[in-house]
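The sequence and the structure are shown first, and the description follows.

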Amino acid sequence: MNAKMVDKIATVCMWFAGVVILGILVVFLGYILYKGLPVLSFDFILGKPSDIESGGGVGPQLFNSFYILFLSMIVSVPIAVGAGIYLAEYAKENKLTYFIRLSTESLATVPSIVLGLFGMIIFVNFLGFGFSIIGGALTLLLLNLPVLVRVTEESINTVPNHYREASLALGATKWQTIWKVVLPNALPGIITGITLTAGRALGETAILIFTAGTTVSRHMFDTDVFAAGETLAVHMWYLMSTGLVPDRDIIADGIGALLIITILLFNLVFTIPMRIMQKRAGAIRH
């Protein structure tokens with residue numbers, strides 16, 4: 001068998017695998033949207049939930065999902081980007097650097113339920129936060145941080161070295177080179193990592209069940225960080241496990257569709273403007 005035939009067979013196999021994966025994704029998302037889209041309405045999306053009567057909404061849970069995500073990302077992104085810059089640009093290859101990388105990779109592989117139990121022990125019980133938004137956000141930070149650190153470091157490492165050399169040759173300092181040359185070129189990869197991490201966090205359940213709880217505040221959009229912080233994903237789990245409302249299946253279908261639409265819109269709103277800005281700045285190569 002000659003090289004051309006092997007290349008054609010490999011190409012067909014790769015295309016087949018891609019089509020199969022895409023087909024599974026389309027069927028999976030299509031089924032969820034088919035079941036859930038008829039449920040979505042203004043009253044459902046912004047209404048208050050009901051414990052025993054049918055017709056409740058998911059307004060507080062939707063707010064809590066984004067509020068907890070915002071609190072966790074506003075802390076984890078600056079720390080992760082700074083750590084990634086340090087590891088990629090400043091850190092020398094020694095035992096300390098090896099230990100940092102090993103720690104971040106190990107933390108990234110820890111099951112979320114273990115992080116949830118850790119958060120319950122430290123934030124809920126030891127620090128006395130109780131089941132609260134702040135406890136869920138701080139524990140979710142532990143889930144986001146190692147992934148964002150690795151994504152930032154790898155994105156920075158993909159920037160060609162001659163970019164740095166050209167900037168330094170023109171008289172720029174190391175920090176100016178990082179800020180003006182390296183980060184703009186690494187930003188698309190960093191943004192992709194942030195959006196993927198945020199999407200994962202929006203659908204997280206195990207961590208938030210043990211830290212943010214399975215109840216919501218009496219107030220509709222409560223910004224108190226010590227209030228109960230049930231999210232959409234946790235509410236779906238609660239309904240299908242111990243929920244008493246008669247229409248829990250319908251509400252769960254609506255939550256599934258709402259989560260998918262929310263994550264898709266979040267990715268589009270977050271990614272498209274950034275790529276346009278990068279293209280105008282010339283950081284994205286054609």
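## Overall fold

The chain contains 11 helices and 0 strands; helices (H or I, at least four residues) and strands (E, at least two) are DSSP runs, numbered from the N terminus. Read from the N terminus on, the order of elements is α-α-α-α-α-α-α-α-α-α-α. Along the principal axes, the C-alpha atoms of the chain fill a box of roughly 70 × 55 × 40 Å.

The model is predicted: local features need pLDDT of at least 70, side-chain atom pairs count only at pLDDT 80 or more, and totals for chains, interfaces and linings use all residues. Residues are numbered from 1 along each chain as its sequence is written, and side-chain values use heavy atoms, with hydrogens and water left out.

## Burial, contacts and surface

Of the 286 residues in the chain, 40% are buried. Here buried means under 20% relative accessible area, exposed means over 50%, and partly exposed lies in between (1.4 Å probe, protein chains only). Among contacts in the chain with a separation of 6 or more, 74% join residues 24 or more positions apart, a contact being heavy atoms within 4.5 Å.

The accessible surface of the chain amounts to about 16,200 Å², and carbon and sulfur atoms account for 70% of this area. Accessible areas come from the Shrake-Rupley method with a 1.4 Å probe, and for residues only the protein chains shown count as cover. The chain carries 18 positive and 17 negative side chains, and the centres of the two sets are 14 Å apart. Lys and Arg count as positive and Asp and Glu as negative, while His and the chain ends are not counted; the place of a charge is NZ of Lys, CZ of Arg, CG of Asp or CD of Glu.

## Salt bridges

The structure has 7 salt bridges, each defined as a side-chain nitrogen of Lys or Arg within 4 Å of a carboxyl oxygen of Asp or Glu. One of them joins the side chains of R164 and E89, at 2.8 Å from N to O. R164 belongs to helix α7 (residues 161-169) and E89 to helix α3 (residues 59-90), so this pair ties together parts that are 75 residues apart in sequence. R164 and E89 are both buried.

E153 forms a salt bridge with R101, with the closest N and O atoms 2.7 Å apart. Because E153 lies in helix α6 (residues 133-157) and R101 in helix α4 (residues 95-108), the pair ties together parts that are 52 residues apart in sequence. E153 is buried at 2% relative accessibility, and R101 is buried at 16%. The side chain of E153 also meets that of R150 in a salt bridge of 2.6 Å, N to O. E153 and R150 are 3 residues apart in helix α6, and are therefore separated by about one helical turn. A network of salt bridges links E93, R101, E105, R150, E153 and E154.

## A nonpolar surface patch

On the surface, Y86, Y90, L96, F99, W175 and W179 form a nonpolar patch with about 690 Å² of accessible area together. Helices α3, α4 and α8 (174-202) are the elements that each give two or more residues to the nonpolar patch. Patches consist of residues with over 30% relative accessible area and no salt bridge; like charges are joined within 9 Å, and nonpolar side chains (Val, Leu, Ile, Met, Phe, Trp, Tyr) within 5 Å. F99, a residue of helix α4, counts as exposed at 53% relative accessibility.

## Buried positions in a helix and in loops

S72 is located in helix α3 and is buried at 1% relative accessibility. Apart from neighbours within four places in sequence, S72 is in contact with A137, L140, L141 and N144.

G229 sits in the loop between α9 (206-211) and α10 (232-242) and is buried, with 0% relative accessibility. G229 and Q61 are separated by 168 residues in sequence and by 7.5 Å in space, C-alpha to C-alpha. Neighbours within four places in sequence aside, the contacts of G229 are N64, I68, I133, A212, G213 and T215.

S132 is found in the loop between α5 (112-126) and α6, and S132 is buried at a relative accessible area of 0%. Not counting residues up to four places away in sequence, S132 touches T211, A212, V225, F226 and A227.
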